[in-house]
Amino acid sequence: MPITITILAIESSCDETAAAVISEGKILSNVIASQKVHEKYGGVVPELASRQHVQKIIPVVEDALKGGGVSKKDLSAIAFTAGPGLIGSLMVGSSFAKAMALALNIPLITVHHMQAHIHAHFLAEEKPKFPFLCLTVSGGHTQIVLVKDFLKMEIIGETIDDAAGEAFDKTAKMLGIPYPGGPLIDVYAQKGNSHAFEFPEPNISDLDFSFSGLKTSILYFLKEKISQQPDFIEKNLNDICASVQRRIVTILLNKLEKAAKQFQINTIALAGGVSANSSLRKEANKLSDQLGWKLFIPPIEYCTDNAAMIASVSYHKFLAGEFAGMDAAPVARMEWENNV
Ligand code: KG4
Ligand code: ZN
């Protein structure tokens, strides 16, 4: 009888403790516990994140196994996010995964978090055909990736400083919006005029991005306006959010359009937390209609961090026989694997 490949995947790179079960490429369960403790600090506090992972990892894994209707003895491998991410947070997931693989005497699989974001597309009914370009935009990364196969990917452009998600979150912090600011900027922006204020588009060569200049220009803009009108933010919050969001979205889509032309590829995908942004989704759809792209945007729950995407990568690594040793260590700044 053929063996069924069933894998438990664990994600703990930042402030989400997540576990999923995948069997023969099909997701059976996908459990996420988000950490609320960081809200009052305006950003993720690494030490608190690690402690929360320690508290949540056992119940989250138990829920994933139960939800998937599998027991530990059904598992063929344990997968975990090895990086990039917060080192303390990654250590919790990796130690747990190793202990479990050792106890069950099954193989271990390491997963690159950003490659996993792209795999959100392989969980949907309709999957993009290779090769395609993926704009991967998260809290820590902004990349355009040429996706040649499930595990063969090449970064063709990336940010030289801040990530797009960081630009959203840091703007939110300047505006006094609680963490995570990105989703709230999106909400306020929907009620504002996106042409109320003009922010500069950076002049960066090739397919790379930069967001640090935008951050500085927002800071100086706000300082100047507040010096003239102390309640400027309060009075103009929706318009500021809409204008900043428009600039971030145009920076992203201009480079994506350039990449599509340069590589002559019209199958285009968005991935990562920022691809949950309503304006990015809307504008990408408009551009896609204009340029005749075949556009793929994952459902919102697969845009932000989850373990189902980790499970998808691990399934393909299992098929390819790419297992990790028990000495596999998590890395905060993980180099792109399988960069072919
Ligand atoms: O991929 P993700 O969940 O975690 C990382 O791997 O970083 O991305 C989180 C980022 C945060 O910066 C968050 O503010 C941003 O995604 N984000 C959004 C939206 N939803 C999440 N940014 C703008 N609009 C949204 N709707
Ligand atoms: Zn992520």
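This is a predicted model: local features need pLDDT of at least 70, side-chain atom pairs count only at pLDDT 80 or more; totals for chains, interfaces and linings use all residues.
Trainee: Which protein atoms are the donors of the zinc ion?

Mentor: Donors are N, O and S atoms within 2.8 Å of the metal (3.2 Å for Na, K and Ca), and sites may look incomplete because water is not among the atoms. Here the protein donors are His113 (NE2), His117 (NE2) and Asp305 (OD), lying 2.0 to 2.1 Å from the zinc ion. His113 belongs to helix H3 (residues 113–119), whereas Asp305, 192 residues apart from it, sits in the loop between helix H9 (300–303) and helix H10 (308–320); helices here are DSSP runs of H or I with at least four residues, numbered from the N terminus.

Trainee: Are His113 and Asp305 buried or exposed?

Mentor: Buried means under 20% relative accessible area, exposed over 50%, and partly exposed in between, with a 1.4 Å probe and protein chains only. His113 is buried at 6%, and Asp305 is buried too, at 15%.

Trainee: Which polar contacts does ligand 1 have with His113, Gly165 and Asn277?

Mentor: A polar contact is a pair of N or O atoms within 3.5 Å; within protein, one must be able to donate a hydrogen and the other to accept it, and residues adjacent in sequence count only if both atoms are side-chain atoms. A polar side-chain atom of His113, which is also a zinc donor, lies 3.1 Å from an oxygen atom of ligand 1. A backbone N or O atom of Gly165 is 3.3 Å from an oxygen atom of the ligand, and a side-chain N or O atom of Asn277 is 3.0 Å from a nitrogen atom of ligand 1.

Trainee: Which element gives the most residues to the lining of the second largest pocket?

Mentor: A pocket, found on a 1 Å grid over the protein atoms alone, is an open set of points with protein on both sides within 12 Å along at least five of seven lines, and lining residues have an atom within 4 Å of a point. For the second largest pocket, H7 gives the most, with eight residues, and Arg246 and Lys282 are among the residues nearest the centre.

Definitions and conventions: Residues are numbered from 1 along each chain as its sequence is written. Chains are lettered from A and ligands numbered from 1 in the order in which they are written. Side-chain values use heavy atoms; hydrogens and water are left out. Helices (H or I, at least four residues) and strands (E, at least two) are DSSP runs, numbered from the N terminus. On a 1 Å grid over the protein atoms alone, a cavity is a set of points where a 1.4 Å probe fits but cannot get out, and a pocket is an open set with protein on both sides within 12 Å along at least five of seven lines; lining residues have an atom within 4 Å of a point.
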